[in-house]
Number of protein chains: 2
Amino acid sequence: MIIRKLDDIAKASVDMEGVKGITKQLVLGSGDGVPNFSFRVFTLEPEGHSPHHNHEVEHLNFVLSGQGALMDGNGNANPLGTGEFAFVPPGETHQFRNTGEEPFVFICAVPKEYE
Amino acid sequence: MIIRKLDDIAKASVDMEGVKGITKQLVLGSGDGVPNFSFRVFTLEPEGHSPHHNHEVEHLNFVLSGQGALMDGNGNANPLGTGEFAFVPPGETHQFRNTGEEPFVFICAVPKEYE
């Protein structure tokens, strides 16, 4: 078994088109021998956001801190804050935005093939 | 997409051999159309514990609140507290225990076939 503290995990800047102010921590991933799915943690700085995109894998999320929005494919902003969970099905257009003044930090679980 | 608050999800008592003082909330599971894995949240009351058992599916965990221990197959207690992550590989004997005086609450993610 493995036990990890978030503070002990290196932060990597996320550099892809449509991203602003995001770092990623791979908490538990394929390199740890996970059989099916991985846990990453993303930190979005104030005004930070992910791409407004879609892909073939799902997200299961839990918000550790901050206040954000989960945008849908029609541009609707669904509030998503500390202690809340989200599910983004495969193929559904989405975007995570930090709508607060503090970092917006959340778990983003995906199939292990993705990370 | 789905957004859920933990307080809105029904708590079910966990009644199985070796369990003491546990309730479960199925936050996102196969009934929601998750393609690969599910998020449950367990609450262990003070002195509560899961069975000391093993099974073919893995656990990926995140502790929402409280202080507990993740016991291994040799009876060693690995401290596991608020904000920490854990991975229990398939087939590895384990037990979750509440070692504090407050509820010990954690996400337990498993393959969707399990829940």
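Copies are superposed by least squares on the C-alpha atoms of residues with pLDDT of at least 70 in both. In this predicted model, a rotation of 180° with 0.0 Å of shift along its axis brings chain A onto chain B, at an RMSD of 0.0 Å. That is the relation of a two-fold axis. Chain A has ten strands and zero helices, and 35 of its residues are in contact with 35 residues of chain B.

**Chain A overall**

- Along the sequence, chain A reads β-β-β-β-β-β-β-β-β-β.
- The radius of gyration of chain A is 13 Å, close to the 13 Å from the globule rule for 115 residues, so chain A is as compact as a globular protein of that length.
- Taken along the principal axes, the box filled by the C-alpha atoms of chain A is roughly 40 × 30 × 25 Å.
- Buried residues make up 37% of the 115 residues of chain A.
- Among contacts in chain A with a separation of 6 or more, 67% are between residues 24 or more positions apart.

**Interface between the chains**

- Of the interface residues of chain A, 100% are also interface residues in chain B, so the copies meet through the same surface.
- Contact between the chains involves 35 residues of chain A and 35 residues of chain B.
- On the side of chain A that touches chain B, at least two residues each come from β1 (2-5), β3 (20-28), β4 (37-49), β5 (59-65), β7, β8 (84-88) and β10 (104-111).
- The element that gives the most to this side is β8(A), with five residues.
- By class, this side of chain A has 23 nonpolar, five polar and seven charged residues.
- Strand pairing also crosses between the chains: β1(A) and β8(B) (residues 84-88) run antiparallel and are joined by four bridges.
- Within that pairing, K5(A) stands opposite E84(B) of β8(B).

**Nonpolar core**

- In soluble globular proteins, nonpolar side chains tend to be buried together.
- The largest nonpolar core here has 54 residues.
- The residues with the most contacts inside this core come from both chains: F106(A), I107(A), A109(A), F106(B), I107(B) and A109(B).
- Leaving aside residues up to four places away in sequence, I107(A) touches F39(A), V41(A), N61(A), F62(A) and L64(A) in its own chain, and F62(B) in the other.

**Surroundings of V88(A)**

- V88(A) lies in strand β8 of chain A.
- V88(A) has 24 C-beta neighbours inside 10 Å and therefore counts as buried, the cut-off being 20 or more.
- Beyond residues up to four places away in sequence, V88(A) touches E58(A), H59(A) and H94(A), together with M1(B) from the other chain.
- D72(A) is 16 residues from V88(A) along the chain, and their C-alpha atoms are separated by 9.4 Å.

- Strands β6(A) (residues 67-71) and β7(A) (residues 77-81) are paired in the antiparallel sense over five bridges.
- One of the residue pairs is A69(A) with P79(A), its bridge partner in β7(A).
- The two strands form a hairpin with five residues between them.
- In the turn, G75(A) has a positive phi of about 85°.

**Strand pairing in chain B**

- β2(B) (residues 12-13) and β3(B) run antiparallel and are joined by two bridges.
- S13(B) has T23(B) as its bridge partner in β3(B).
- The hairpin of β2(B) and β3(B) has six residues between the strands, and G18(B) in that hairpin takes a positive phi near 90°.
- β3(B) (residues 20-28) is joined in turn to β4(B) (residues 37-49) by seven bridges, and these strands run antiparallel.
- Q25(B) stands opposite V41(B) in β4(B).
- β4(B) also pairs with β10(B) (residues 104-111), in the antiparallel sense over eight bridges.
- In this pairing, the bridge partner of F39(B) is A109(B) in β10(B), and A109(B) is also among the residues with the most contacts inside the largest nonpolar core.

Definitions and conventions: Residues numbered from 1 in each chain as written. Chains lettered and ligands numbered in written order. Predicted model: local features only at pLDDT ≥ 70, side-chain atom pairs only at ≥ 80, totals over all residues. Core = buried A, V, L, I, M, F, W, Y, C linked by C-beta atoms within 7 Å. Buried ≥ 20, exposed ≤ 12 C-beta atoms within 10 Å, placed from the backbone. Contact = placed C-beta atoms within 7 Å. Pairing = 2+ DSSP bridges. Nonpolar A, V, L, I, M, F, W, Y, C, P; charged D, E, K, R; others polar. Rg over C-alpha atoms; globule rule 2.2 N^0.38 Å.
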